[in-house]
Amino acid sequence: MKLLVTGGAGFIGSNYVRHVLTAHPDYQVINFDKLTYAGNLGNLKDVESSPNYTFVRGDICDRNAFEGLEFDAVVNFAAESHVDRSILDASPFLRTNVMGTHNLLEIVRRRGCALLHVSTDEVYGSTAEGFFNEDSPLQPNSPYAASKASSDLLVRAYVETYKVRAMTTRCSNNYGPYQFPEKLVPLVIINALNGRPVPVYGDGMNVRDWIYVEDHCKAVDMVLHNGKAGEVYNIGSRNERPNIEVIKLLLRKVAQRTGRNEDDLLNLITFVKDRAGHDRRYAIDPVKMERQLGWGPDMSFDQGILKTIDWYISNRDWWQGITSGEYMKYYDTQYGERLKK
Ligand code: NAD
Ligand code: TYD
């Protein structure tokens, strides 16, 4: 099989490329990525010389960028992915997430190849109780979630109208190695290591379901190989936690791993102004993946968090390269005022 992985230089995409090269040594993988602020070829240094791996720099919105590339299936991770950035400026989200997905749908329609579209539980919106299944209404609340919901609906329309062989996965919050420092888990670890305030939005009681990135990658691979064309699959870990619990766990474990004083790290917690339109709780029902594809997560939260902390401790060069550059402009915009109060 020849796989085109879009967004393969990002957090989940790079973990997925590595997973495929290990799990399917006879596959050819083309990593197609624009290398935005979130794309980093350093995420794949260990596999870049593999004869089964090729990198192509390109934009999923560009109609001509795929000419000359041969592939049987596309796995689409390429996206603008951060809610806070979508609140600052939604335009890049509409361009890449909506128009880019449309362009990919046109390409797979013309070529007759398969598409696995990677989406998010955020398209269902927030719920105080119960769980969303694949047929729940889409009620996105952030510009990011709205752009992903739009892309999901385009996939649905292409399946119905043109019989495109496409599937959609909707996963909960990922954490693990190579996650860009703007997201909650790496932000807490890095700020703890740097002795900086750890910003907690609102009352810290917003709930997310946390999944280790490799478990998500395995699920995507199962859907690619055994999923049914036209179907949607929720991927969740049955691991719901309020943010403040996750943050305290991270700080305690960083203290253990580095020998720092636990109270000093817990004192870094700083409650700040809430995110606009902040979804209270994401909750999906992963029973379809479990029953139809026999999938379930392998990693416990405690183990996954330790592996992640150890990775960030051992890979300071990776994140120091990011946190010393352009990223700090974003950080200052997001937290400069909030952390002064
Ligand atoms: P990320 O921001 O780390 O990576 C996105 C990648 O896409 C980057 O390498 C970037 O360079 C690339 N990209 C952006 N625009 C592009 C374009 N126009 N053309 C080609 N490449 C482009 O994101 P991530 O966290 O790895 O998320 C990957 C996918 O998984 C996204 O579609 C996201 O919506 C979805 N998802 C993420 C999570 C999560 O917790 N991170 C959860 C569920 C679903
Ligand atoms: P995030 O990692 O941005 O993922 P998402 O918004 O897609 O769920 O945030 C996870 C949760 O953590 C979310 O409820 C917002 C909250 N959060 C903070 O409290 N402080 C922070 O500095 C960040 C980045 C997020």
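User: Which residues in helix 10 are buried?
Analyst: This is a predicted model, in which local features need pLDDT of at least 70 and side-chain atom pairs count only at pLDDT 80 or more, while totals for chains, interfaces and linings use all residues. Residues are numbered from 1 along each chain as its sequence is written, chains are lettered from A and ligands numbered from 1 in the order in which they are written, and side-chain values use heavy atoms, with hydrogens and water left out. Helices (H or I, at least four residues) and strands (E, at least two) are DSSP runs numbered from the N terminus, and buried means under 20% relative accessible area, exposed over 50% and partly exposed in between, with a 1.4 Å probe and protein chains only. On that basis, the buried residues of helix 10 are Phe301, Gly304, Ile305, Thr308, Ile309, Trp311 and Tyr312.

User: Within what arc do the buried residues of helix 10 fall, seen down its axis?
Analyst: An α-helix has 3.6 residues a turn, so residues three or four places apart point the same way. Taking the directions from the helix axis to the C-beta atoms, the buried residues of helix 10 line one face of the helix, because they fall within an arc of 160°.

User: How far apart are the end C-alpha atoms of helix 10?
Analyst: The expected span of a helix is 1.5 Å times one less than its number of residues. For the 14 residues of helix 10 (residues 301–314) that rule predicts 20 Å, and this agrees with the distance between its end C-alpha atoms, 20 Å.

User: What area do domain 1 and domain 2 bury between them?
Analyst: The bounds, from an automatic or database domain assignment, are 2–175 + 211–235 for domain 1 and 184–207 + 240–276 + 300–335 for domain 2. With contact meaning heavy atoms within 4.5 Å, 11 residues from domain 1 and 17 residues from domain 2 take part. Buried area is the accessible area (1.4 Å probe) that two parts lose on being put together, summed over both. Here 57% of it lies on carbon and sulfur atoms, and the area is about 1,100 Å².

User: With which residue does Glu182 form a salt bridge?
Analyst: A salt bridge is a side-chain nitrogen of Lys or Arg within 4 Å of a carboxyl oxygen of Asp or Glu. The closest N and O atoms of this pair are 2.6 Å apart, and the partner of Glu182 is Arg85.

User: Which helix holds Arg257?
Analyst: Arg257 meets Asp310 in a salt bridge (2.8 Å, N to O). The pair ties together parts 53 residues apart in sequence, because Asp310 lies in helix 10 and Arg257 in helix 7.
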